Structure formats: C-alpha cells, structure tokens
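Open the model in your viewer and keep the sequence panel beside it. The tour below goes from one selection to the next and says what is found at each.

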Amino acid sequence: MTDGVSDRALLLLEATSLKELAEVNSKEYVRWQNIKRGKARISAEEIEALANLYKNYRWWLITGEVMPDKGQTSPEYDQANRNLQTQSAG
C-alpha cells in the first residue's frame, strides 16, 4: 500500500516511459530520470503532469481513494479487476 501523494506518483512513474513525459535528452527528461532514480523529489507540477497522463488515476493519485463509479481507479484496483476477470468460475 502506498502512503502519500509522492509515493503514489512514484508508483505511476515506475510504470511510465520517460518518453511519455518529456522529449529525450531535454532538461525535463533528465529531471524525470533523476526523480525515477531517487536523486530528486517530485514536485507538484510533476504530480500534475502524471495526473494529466493518467486521467483515470487522478483521484487516487491525490487522495489514495478510488471511485470506480466515476471512472477513478488505481493501478492496484485495475490489476485486481483483471485478475478477477481471468479467473474461471469452475
């Protein structure tokens, strides 16, 4: 389980290609690399960039909560649903 906004943002960042966030070899790309490697702290602007990239995770990213009825889930929620759908009823 992830504790705070930064933890949740880093979880999303681990699943994200840096090319999705910035042009390769740009200043922003290097910044994202440093965040991903733990050499820099993520800022509010970068959390906002992740929220724009993962629109269905916005609420979870900020609050840690899901609202599936509103289309707001989390990576863990989505994985659990995929696992349920692939299980055989017997």
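A residue counts as buried when its relative accessible area is under 20%, as exposed when that area is over 50%, and as partly exposed in between. Tyr 57 has a relative accessibility of 11%, so Tyr 57 is buried by this cut-off. Keep the cut-off in mind, as the tour uses it at several stops. Note also that the model is predicted.

**The whole chain**

Begin with everything shown as a cartoon. The protein has 5 helices and 0 strands, and the order of elements from the N terminus is α-α-α-α-α. A box of roughly 50 × 25 × 20 Å along the principal axes holds the C-alpha atoms. Of the 90 residues in the protein, 29% are buried. Switch to a surface view: the protein exposes about 6,200 Å², and carbon and sulfur atoms supply 49% of that area. Among contacts with a separation of 6 or more, 33% are between residues 24 or more positions apart.

**The nonpolar core**

Next, select Trp 32, Ile 42, Leu 50 and Leu 61. The largest nonpolar core has 17 residues, and these four touch the most other members. Two or more residues of this core come from each of helix H1 (5-14), helix H2 (27-36), helix H3 (44-53) and helix H4 (58-63).

Stay on Trp 32, which is in helix H2. Its relative accessibility is 6%, so Trp 32 counts as buried. Which residues is Trp 32 in contact with, leaving aside neighbours within four places in sequence? Show Leu 13, Leu 18, Leu 21, Ala 22, Ile 42, Glu 46, Ala 49 and Leu 50 to see them. For a sense of scale, draw a line from the C-alpha atom of Trp 32 to that of Gln 85: the separation is 34 Å, and the two residues are 53 residues apart along the chain.

Move on to Ile 42. Not counting residues up to four places away in sequence, Ile 42 touches Ser 6, Ala 9, Trp 32, Ile 35, Ile 47 and Leu 50.

**The salt bridge**

Now select Arg 31 and Glu 46. The structure holds 1 salt bridge, and Arg 31 forms it with Glu 46, with 2.7 Å between the closest N and O atoms. Arg 31 is in helix H2 and Glu 46 in helix H3, 15 residues apart, so the pair links distant parts of the chain. Are the two partners buried or exposed? Arg 31 has a relative accessible area of 30% and is partly exposed, whereas Glu 46, at 11%, is buried.

**The loop between H1 and H2**

Two residues of this loop are worth a stop. Select Thr 16, which has its place in the loop between H1 and H2. With a relative accessible area of 3%, Thr 16 is buried. Zoom in on the side chain of Thr 16: it reaches the backbone oxygen of Leu 12 at 2.6 Å.

Asn 25 is exposed, with a relative accessible area of 70%. What is the phi of Asn 25? The angle is near 70 degrees, a positive value in a residue other than glycine.

**The aromatic cluster**

For the last stop, select Tyr 54, Tyr 57 and Trp 60, and show the rings. The three residues form one aromatic cluster. A pair of aromatic rings is described by the distance of the centres and the angle of the planes. The count of aromatic pairs comes to 2.

Tyr 54 and Tyr 57 form a stacked pair, with 5.8 Å from centre to centre and 15 degrees between the planes. Tyr 54 has a relative accessibility of 16% and counts as buried. Tyr 57 and Trp 60 form an edge-to-face pair, with 6.1 Å from centre to centre and 70 degrees between the planes. Both Tyr 57 and Trp 60 are buried.

Key:
Residues numbered from 1 in each chain as written. Predicted model: local features only at pLDDT ≥ 70, side-chain atom pairs only at ≥ 80, totals over all residues. Heavy atoms only, no water. Core = buried A, V, L, I, M, F, W, Y, C linked by side-chain atoms within 4.5 Å. Buried < 20%, exposed > 50% of the residue type's maximum accessible area, 1.4 Å probe, protein only. Helix = DSSP H or I, 4+ residues; strand = E, 2+ residues; numbered from the N terminus. Contact = heavy atoms within 4.5 Å. Phe/Tyr/Trp six-rings, centres within 6.5 Å; stacked < 30°, edge-to-face > 60°. Polar contact = N/O pair within 3.5 Å; in protein donor to acceptor, adjacent residues only side chain to side chain. Areas by Shrake-Rupley, 256 points an atom, 1.4 Å probe, with all protein chains shown as cover. Salt bridge = Lys/Arg side-chain N within 4 Å of Asp/Glu carboxyl O.
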